Structure formats: structure tokens, C-alpha cells
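Subject: The structure, and what turned up in it

Hello,

Here is the structure for you to open alongside this email. My notes follow below, so please read them with the viewer running.

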Amino acid sequence: KRNYYTLITGGMGAHQMNVPQELAEYKLERAELVIYLPADWDVYDHSEKNYWPLRWLKILARLPIGEDSWLGWGHTLPNSADCVPYDESTKLCGAMLGALQENISMFRTEDDTQINMYCVIPLYKEEMEYQKTAGTEALMQKLSVLNGYGMIVFPDRPNVCAEEE
């Protein structure tokens, strides 16, 4: 019914992440990630041009286990120390975890375990820098002008923090 693919991790929530004690009351220990790809994206092609969003989803899902850490809303992660683009087809070079719609931001398992859902939003270097200085809410406000365009992975989407010429 939607004009895009919805890819969701399956199993990340089985691992209890190492959330700081001061956030324990929010039950952030378990999460799954979602990424949206346009309907014309070739999800079966393993060339880097088409595979980088899937690769990044896998990397993020495994990161809390490998680093004994956690991921949550507003966390940003560059593709590399220098924020090298994911592929030559895009200048996107990092990602932020954003909220899904309110009615699907989390769910509970049969044993009442809370699993939080986060959307992986690929970012440009300038957007990542803006988030560090102005905060997640400010960047989400800038991305909101894209009317959902920012939530779906478009390798050439407008950069909401690009310097105007």
C-alpha cells in the first residue's frame, strides 16, 4: 500500500543494550531499526550503490553488541571518521536514529518487554555537524520541511543544512 520498502531488523531487540543507569526508567535497553527505501530501489542487487543502506542497517544492529554500548533516539553515527560518503552515487555519509510515528514507536512482547523502534535516517556531513551544535530536535525540524522525504533514503535528497550560495 506504500510507495516504498520498509526494512526492519529482526533480532536486535533480543539483546539487552548497555544503557546508562540514569536512563533506566525509560526502558531503552531493547530496540529494532527501520529503514525506508524507494519503491524502485533494487533491494536484491548487492552492488554497493544499492546495498549500502542494508549494510548500514546491519552494522547499526550489531553495534551495541560489539561495542557493549547502546543506540537510541537522536544518536548519530558517521560512515567513517571523515564522514566519507557511503557510495559514489551519494554524498550521504552518516545516519541518525529518529522516531517513527507515535503509534509505532515501540511495542511490547508477550512477556511485556518493551522494544523501541527507531528510523535510520541517512545524513549529509553538514546535517551531522548541525545536529551536534543545534541538537536533534532542531535537525528534525529542518528535515520536516521535506515532508517525509527525509525518512525515505534518496541518495540525492536536498541537504537541509547546505550553505546557500
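Let me begin with a cysteine that stays on its own: the sulfur of Cys161 has its closest cysteine sulfur in Cys93, 12 Å away, which is too far for a bond. Please keep in mind throughout that this is a predicted model. Cys161 counts as buried, at 15% relative accessibility.

**The cysteines**

How many disulfides does a search of the whole structure find? It finds 1. That disulfide joins Cys83 to Cys93, with 2.1 Å from S to S. The link of Cys83 and Cys93 is right-handed, with 85 degrees about the S-S bond. Cys83 and Cys93 are 10 residues apart, and each is in the loop between β3 and β4. As for accessibility, Cys83 counts as buried at 10%, and Cys93 is buried with a relative accessible area of 1%.

**The aromatic rings**

The structure holds 4 aromatic pairs. One of them is formed by Tyr4 and Tyr36, an edge-to-face pair with 5.1 Å centre to centre and 85 degrees between the planes. This pair links distant parts of the chain: Tyr4 is in strand β1 (residues 4-8) and Tyr36 is in strand β2 (residues 31-38), 32 residues apart. Tyr4 is partly exposed, with a relative accessible area of 25%, whereas Tyr36 counts as buried at 12% relative accessibility.

Another pair is formed by Trp52 and Tyr86, and this one is stacked, with 4.4 Å centre to centre and 5 degrees between the planes.

If you select Trp41, Trp52, Trp56 and Tyr86 together, you will see a cluster linked by ring pairs.

**Residues around these groups**

Asn50 has its place in helix α1 and counts as buried, at 14% relative accessibility. Which residues is Asn50 in contact with, leaving aside its neighbours within four places in sequence? They are Trp41, Asp42 and Asp45, and Trp41 belongs to the cluster of ring pairs.

Thr90 lies in the loop between β3 and β4, which is also where Cys83 and Cys93 are found. Thr90 is buried, with a relative accessible area of 6%. Leaving aside its neighbours within four places in sequence, Thr90 is in contact with Trp52, Pro85 and Pro155. Trp52 is the residue that stacks with Tyr86.

Now turn to helix α2 (residues 125-134) and helix α3 (residues 136-144), which pack at an angle of about 135 degrees with their axes 7 Å apart. The two helices are therefore oblique to each other. From α2, the contact is made by Glu127, Tyr130, Gln131 and Ala134, and from α3 by Thr136, Ala138, Leu139, Lys142 and Leu143.

Two of those residues come up again: the charged end of Lys142 sits over the ring of Tyr130, 5.1 Å from its centre.

**One last residue**

Met117 lies in strand β6 (residues 114-123) and counts as buried, at 9% relative accessibility. Its C-alpha atom is separated by 17 Å from that of Leu54, and Met117 and Leu54 are 63 residues apart along the chain.

Best wishes

Definitions and conventions
Residues numbered from 1 in each chain as written. Predicted model: local features only at pLDDT ≥ 70, side-chain atom pairs only at ≥ 80, totals over all residues. Heavy atoms only, no water. Phe/Tyr/Trp six-rings, centres within 6.5 Å; stacked < 30°, edge-to-face > 60°. Helix = DSSP H or I, 4+ residues; strand = E, 2+ residues; numbered from the N terminus. Buried < 20%, exposed > 50% of the residue type's maximum accessible area, 1.4 Å probe, protein only. Lys NZ or Arg CZ within 6 Å of the ring centre and 35° of its normal. Disulfide = S-S within 2.5 Å. Axes fitted to C-alpha atoms, helices over the stretch in contact; angles between N-to-C directions. Parallel < 35°, antiparallel > 145°, perpendicular 65-115°, else oblique. Contact = heavy atoms within 4.5 Å.
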